[in-house]
Protein chains: 2
Amino acid sequence: MSKVVAIVGATGAVGQEFLNVLEKRNFPIKDLKLLASSRSVGKKLKFKDTEIPVEELKESSFHNVEIALFSAGSSISKTYAASAVSLGAIVIDNSSAFRMEEDVPLVVPEINPEDIKTHKGIIANPNCSTIIMLMAIYPIYKLYPIKKIIVSTYQAASGAGAAAMKELELQARAFLNNEPIPTKVLPYPLAFNLFSHNSSIDIESGYNQEEIKMIKETKKILHNPNIHISPTCIRVSTFRAHAESITLELEVSANIEEIKNSYKNFSGVQILDRPEINYFPMPLEVSGKDDVYIGRIRYDYEDKEKKVLHLFAVGDQLLKGAALNAVQIAELLL
Amino acid sequence: MSKVVAIVGATGAVGQEFLNVLEKRNFPIKDLKLLASSRSVGKKLKFKDTEIPVEELKESSFHNVEIALFSAGSSISKTYAASAVSLGAIVIDNSSAFRMEEDVPLVVPEINPEDIKTHKGIIANPNCSTIIMLMAIYPIYKLYPIKKIIVSTYQAASGAGAAAMKELELQARAFLNNEPIPTKVLPYPLAFNLFSHNSSIDIESGYNQEEIKMIKETKKILHNPNIHISPTCIRVSTFRAHAESITLELEVSANIEEIKNSYKNFSGVQILDRPEINYFPMPLEVSGKDDVYIGRIRYDYEDKEKKVLHLFAVGDQLLKGAALNAVQIAELLL
């Protein structure tokens, strides 16, 4: 059952990973269309042993397309997803455009695969920080009721796109050479620095859009409106893997041995917890890896009831945080 | 009342800042002795209009010294502080050697200045992450009883010393040139990466020594054994300012306007909270600044009782986190 697949935003950071992931997972492809803005027309991208020319994205681009992987930002998704659906494609959208719409499933395949059944043409891929957090804690969530998640993120430049990754490199070179730091893509210098996530802030609450996504998307994916999420999202000087410091407040006492065992039956997460040599997940080592890595799993130092847990998670933002999760959704459709 | 002052570890990252801070604050100095290991003998360091030769640290180095500022690590403090005290000096120690000893005051001058009165020759300077966190939250602590502090840190290379700062630079250059990453000082690559704080881990609890310092020192400085601290300490790719994502669980409802007003009567903290332009404290901007900067002060998104607050703090690790706080302690002695 090979499919005709289109990639919208093929020349972007996530678009490139779509190509890598489809190839690596040997996704059954009858035909692959690479779509991007007119600026990219003329470029060719490598897929398996072929070079595929990039075509200009138009409303008519989706004739015969069966699965359309979108990753070109919310406004492109809003403009073109309906055309794709009306021409018969199923859209898997990596933007935030449709995530909170009631008739759009928001899916992490290891967590809520059954939700895709209700789709009406569009399936949304969750926010990268949300996916990585939920992958990291889901086996714990299945074991014990979680009241509250407090999370501080250490997010990579890739979440702001390929141009931001390039700018981080240019900023670092400029910094080391005592030259002015370029900030054309990023709002502030990120090299050897960090800043509060550069999504706009809801002035009334004081939360940025990235944090609000983590709150709302988590409730939707878990079908649990009562779970309480307190996120602080920070962009740091790394290229493509997000890290998250996560605190969980449980309704009941936890048992860490039981928790570690429970991850054995959950695919997509590796435990890397070597306190004796101070070796835990790090962005540089997790970059390019499919799995989310967790470590520093521990009881709260002062909570004698063992109802509070802490852990540290790292996942590749472009893979499980974006392209891999979307391709896994596509695999559920086969 | 000019003093004879000695700096132990004068050639280190904090030692250099001792010289800068003493000069900038015009600390009344009769004579300044610069002490370091024999390897540094022959070097001269600039202080005001003079160049002062570095002398080898010996037990006899403290004759006539009235104030000895130690920042050469715990083992040097343990070896030489007693000699300094027996020769009549008051030791202000930046290491963790004596911080938790009962007859050693642990002092942040804006918070518990009266504690220095009980000293018996040694006054300890707290851990840098502890100082920055307590400065950031102290006006809130004075307004409302705090039950619990949950903190995730974003710590700079400077906390591991001048050699670690240099290595971060060398690592970044190597990374950008696709060369092998040097890790002689730091345990793992830090450039474009991050890792769990490189202090040893207490295997039973799973907490590293940096986190345990934050827990124990906070209780001592605040004279509050019941305040609950849950820290996660992470080293990030920045040079000299620590950042901290802080969540406070209060006994009562908070009022952010009242909180912001309360900082006006507290010296050493600046509020930088500009949600409309997404501008908050950043390590590169706070580097070299005496004050701790805080921003993103907000109620919890989902806590209707307003008993949970979040904020983000950044402070120069070498200044308020180390040299400045120690010199402020010395000023209390004048």
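Modeller: First, a working rule: two strands count as paired if DSSP finds at least two bridges between them. Keep in mind too that this is a predicted model.

Now the part itself. Six strands of chain A make an open sheet. Read across, the order is β12-β8-β14-β17-β16-β15, and the pairing is mixed. Which strands are at the edges? They are β12 (228-232) and β15 (269-271) of chain A, and each of them pairs on one side only. On average, neighbouring strands in this sheet are turned by 25° against each other, direction ignored.

Zoom in on one pair. Strand β14 of chain A covers residues 241-250, and strand β17 of chain A covers residues 308-316. They run antiparallel, with nine bridges joining them. As a landmark, find A:L248: the residue opposite it in β17(A) is A:L309. In general, strands of a sheet pair through backbone hydrogen bonds, and the pairing can be parallel or antiparallel.

What lies across this sheet? Helix α8(A) lies across β14, β16 (292-299) and β17 of chain A. Its run makes an angle of about 60° with β17(A).

Across the boundary, 16 residues of domain 1 of chain A are in contact with 19 residues of domain 2 of chain A. Two elements give two or more residues to the domain 1 side: α1 (13-24) and α8 (319-333) of chain A. Of the elements, α8(A) gives the most to that side, with four residues. By class, the domain 1 side has nine nonpolar, four polar and three charged residues.

Strand β2 (residues 29-36) of chain A and strand β4 (residues 50-56) of chain A run parallel and are joined by three bridges.

Next, switch to chain B for two details. Strand β3 (residues 44-47) of chain B runs antiparallel to strand β4 (residues 50-56) of chain B, and four bridges join them. B:F47 has B:T50 as its bridge partner in β4(B). These two strands form a hairpin with two residues between them. One residue in the turn is B:K48, which has a positive phi of about 50°.

The second detail is a helix crossing. The axes of α3 (residues 128-143) and α8 (residues 319-333) of chain B come within 8 Å and cross at roughly 90°. The two helices, α3(B) and α8(B), are therefore roughly perpendicular to each other. From α3(B), the residues that meet the other helix are B:C128, B:I131, B:I132 and B:M135. From α8(B), they are B:K320, B:G321, B:A322 and B:N325. This contact between α3(B) and α8(B) divides into five nonpolar, two polar and one charged residue.

Last, the two chains together. A rotation of 180°, with 0.0 Å of shift along its axis, superposes chain A on chain B with an RMSD of 0.0 Å. The two copies are thus related as by a two-fold rotation axis. Both copies use the same surface: 100% of the contact residues of chain A recur in chain B. How many residues does each chain bring to the contact? Chain A brings 48 residues and chain B brings 48 residues. On the chain A side, the largest share comes from helix α4 (residues 162-176) of chain A, with four residues. By class, that side of chain A has 25 nonpolar, 16 polar and seven charged residues.

Key
Residues numbered from 1 in each chain as written. Chains lettered and ligands numbered in written order. Predicted model: local features only at pLDDT ≥ 70, side-chain atom pairs only at ≥ 80, totals over all residues. Least-squares fit on C-alpha atoms with pLDDT ≥ 70 in both. Contact = placed C-beta atoms within 7 Å. Nonpolar A, V, L, I, M, F, W, Y, C, P; charged D, E, K, R; others polar. Axes fitted to C-alpha atoms, helices over the stretch in contact; angles between N-to-C directions. Parallel < 35°, antiparallel > 145°, perpendicular 65-115°, else oblique.
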